[in-house]
Amino acid sequence: AVFAGQTLVLTWYPLFRDGTFYAACLGFLAAIAYDSRIDLWEAIVMLIFYVLYICLMVFDEQIKARVLGPASDVTPPDS
C-alpha cells in the first residue's frame, strides 16, 4: 500500500482466498509430516494444491466478480 501511490480498497475476498489455501496446505503438510516422511503421492498432492492456487489466481477477476457481484467494482473514495 505504501508504494501503490493510491488508496487501496480491500475486501474480505483476498483474505479468505489466500487464508483458505494457506490453512489447507499447512493442515495437509502437518498431516503428511506426522510420520517424519513424505511419500511421492503426498508431494504430488502438494504440487496439485499449488497448481490449483495458480489457476485460481489466473481466473481471479472472473471468480471475484461472481462472488462479490456488483461490490467487486469498488472504487476508492476521493481524498
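Which residue forms a salt bridge with D18, and how far apart are the closest N and O atoms? The partner is R17, and the closest N and O atoms are 2.8 Å apart. The model on the screen is a predicted one, and this tour begins with the helix that holds R17.

**Stop 1: helix 1**

Select residues 12–33, which make up helix 1. The helix has 22 residues, and at 1.5 Å a residue these should span 32 Å.

Next, colour Y13, R17, F28 and I32, which are buried residues of helix 1. Turn the view to look down the axis of the helix: its buried residues fall within an arc of 55 degrees, so they line one face. Then colour L15, Y22 and A30, which are exposed on the other side of helix 1.

What do the buried residues of helix 1 pack against? Display helix 2 (40–58) and helix 3 (60–68), for these are the elements against which they pack.

**Stop 2**

Centre the view on R17, in helix 1. Is R17 buried or exposed? Its relative accessible area is 12%, and because buried means under 20%, R17 counts as buried.

Now show the residues around R17. Leaving aside neighbours within four places in sequence, R17 is in contact with Y53, L56, M57 and D60. A polar contact of 3.0 Å joins the side chains of R17 and D60, and another, of 2.8 Å, joins those of R17 and D18.

**Stop 3: the salt bridges**

The structure holds 4 salt bridges. Return to the one between R17 and D18. D18 is partly exposed, with a relative accessible area of 29%, whereas R17 is buried.

Select D60 next. The side chains of R17 and D60 also meet in a salt bridge, at 3.0 Å from N to O. This pair links distant parts of the chain, since R17 belongs to helix 1 and D60 to helix 3, 43 residues apart. D60 is buried, and its relative accessible area is 9%.

Move along helix 3 to E61 and K64. These two residues form a salt bridge, with the closest N and O atoms 3.7 Å apart. They are 3 residues apart in helix 3, about one turn of the helix. E61 counts as exposed, at 54% relative accessibility.

**Stop 4**

Select S36, in the loop between helix 1 and helix 2. The phi angle of S36 is near 65 degrees, a positive value in a residue other than glycine. S36 counts as exposed, with a relative accessibility of 70%.

**Stop 5**

Finally, select C25 and C55. C25 counts as partly exposed, at 22% relative accessibility. C55 also counts as partly exposed, at 36%. How many disulfides are counted in this model? The count comes to 0.

Methods: Residues numbered from 1 in each chain as written. Predicted model: local features only at pLDDT ≥ 70, side-chain atom pairs only at ≥ 80, totals over all residues. Heavy atoms only, no water. Helix = DSSP H or I, 4+ residues; strand = E, 2+ residues; numbered from the N terminus. Expected span 1.5 Å × (residues − 1). Buried < 20%, exposed > 50% of the residue type's maximum accessible area, 1.4 Å probe, protein only. Arc of directions from axis to C-beta. Contact = heavy atoms within 4.5 Å. Polar contact = N/O pair within 3.5 Å; in protein donor to acceptor, adjacent residues only side chain to side chain. Disulfide = S-S within 2.5 Å.
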